[in-house]
Amino acid sequence: MRGGLSQNRMKILTGAAFLCVALVLLRLFASLDLFARQTEAVSPSPAAEKQTVVFLGSSADPLCEPLFSDLETLCTQKGWRLISYDCKGRAAGQKGQIEDFLRTEAADAAVLWPVLEGEELDGQIKALAEQCPVVTVGQRPGTAAARLTASHVGADGTEQLRTLAGYLKKNVAKGQGVLLLTDLPDEDAEERIRRVFSVEQVDILGNNYTWGGAVYAERYLKTALDEVENVGAVVCVSRAGTAGTWNTLQEKDLRDRVKIVSLSYEPAMADDLALGELDAAVTVSPKETAECLAELLPKALKGEKPAPKALTSVLLTPESAEETEF
């Protein structure tokens, strides 16, 4: 056998040589700082959890219905999560929805368009306020519950009455007064109307109720317009009242002598104004309502209690209705 290194031994020696060269080169590169230094990995902070807003409203109310889409737009812009409940005007439905929300969900702020009334409303607001700040819209809650809310957006009832009284003073002849048609008996509301109208020198000659139906307005007015003298206008609080008044005035051929006005407004009344079946109505702007909520909600979510927002009273007449932006 010829002398010399075996093939396996040669491979081992060659590998060792290459390893030595590699180690030398690594030390050289390290001394020259040719390799980027490894930085400590920083774990990304978890994304901030979205704040949640719950809206408890009623699409049956024409002033509330636009808020469903307005709040959806606002929450999308702000990156908030929105939970919406629609009781469609049913008080029992709203009570059940509030209870369902409190049982199954959680929110950082609540927007409530109250359909409930009195002690029942106050109790539900108290329950909501124990979980999160509450902003009420539309109907103002009772004094006790109002103290628990973060804020309120709504019409100034006194200002609305003054606005309509101003119209009546200009458009009802001197010495004439008005008949008042509310939907249901409400001593406090009736007293407030009488007090403001008295200050504004508008005489209320009589009052009755529609019970939610035009036929009841017609029954009352058929007698009242014969028995009460110097009636210059009928003041209503709903379309049931204005429709019943229109029918009766037409039947008695008194439409050109007696004004029809309303302390509320709904979209169907736009046609009534255009057709001459309604002379004036007082309302507020849903657009302004949404703007006020956009201002108040971020503050409520921070735990603040911003001052309530009174909506501007808007007087609609056949001449102004087309120019008024909602």
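Helices (H or I, at least four residues) and strands (E, at least two) are DSSP runs, numbered from the N terminus. I start there because those labels, as DSSP runs, are used throughout.

This is a predicted model, in which local features need pLDDT of at least 70, side-chain atom pairs count only at pLDDT 80 or more, and totals for chains, interfaces and linings use all residues. Residues are numbered from 1 along each chain as its sequence is written, and side-chain values use heavy atoms, with hydrogens and water left out.

First, the overall picture. The protein chain has 11 helices and 12 strands. Of its 326 residues, 40% are buried, where buried means under 20% relative accessible area, exposed means over 50%, and partly exposed is in between (1.4 Å probe, protein chains only). The chain exposes about 18,700 Å², and carbon and sulfur atoms supply 50% of that. Accessible areas come from the Shrake-Rupley method with a 1.4 Å probe; for residues, only the protein chains shown count as cover. Take the contacts between residues at least 6 apart in sequence: 68% of them join residues at least 24 apart. Contact here means heavy atoms within 4.5 Å.

Now a buried position. Ile260 is in strand S9, residues 259–262. Why does Ile260 count as buried? Its relative accessible area is 0%. Leaving out residues up to four places away in sequence, Ile260 touches Val234, Thr242, Thr245, Trp246, Leu249, Arg255, Glu277, Leu278, Asp279 and Ala280.

A salt bridge is a side-chain nitrogen of Lys or Arg within 4 Å of a carboxyl oxygen of Asp or Glu. The pair links distant parts of the chain: Arg255 is in the loop between helix H9 (239–252) and S9, and Asp279 is in the loop between helix H10 (269–274) and strand S10 (280–283), 24 residues apart. Both Arg255 and Asp279 are buried.

How many salt bridges does the structure hold? There are 12. Another of them pairs the side chains of Glu105 and Arg81, at 3.4 Å from N to O. Glu105 lies in the loop between H3 and S3 and Arg81 in strand S2 (residues 81–86), so this pair ties together parts that are 24 residues apart in sequence. Glu105 is partly exposed at 28% relative accessibility, and Arg81 is partly exposed at 37%. Glu159 and Arg162 form a further salt bridge, 3.9 Å from N to O. These two are 3 residues apart in helix H6 (residues 157–171), which means they are separated by about one helical turn.

On to the surface. Patches are made of residues with over 30% relative accessible area and no salt bridge; like charges are joined within 9 Å, and nonpolar side chains (Val, Leu, Ile, Met, Phe, Trp, Tyr) within 5 Å. Leu184, Trp211, Val215 and Tyr216 form a nonpolar patch with about 400 Å² of accessible area together. Leu184 is in the loop between strand S6 (177–182) and helix H7 (187–199). Tyr216 lies in helix H8, residues 214–227, and is partly exposed at 37% relative accessibility. Beyond its neighbours within four places in sequence, Tyr216 is in contact with Tyr209, Thr210 and Trp211.

Trp211 itself sits in the loop between strand S7 (204–209) and H8 and is partly exposed at 47%. What is the phi of Trp211? It is near 55°, a positive value in a residue other than glycine. Most residues other than glycine have a negative phi. Asn230, in the loop between H8 and strand S8 (231–236), also has a positive phi, near 60°.

Last, the charged patch. Glu117, Asp186, Glu187, Asp188 and Glu191 form a negative surface patch. Lys and Arg count as positive and Asp and Glu as negative, while His and the chain ends are not counted. The place of a charge is taken as NZ of Lys, CZ of Arg, CG of Asp or CD of Glu. Glu117 is in the loop between strand S3 (109–112) and helix H4 (118–129), and counts as exposed at 58% relative accessibility.
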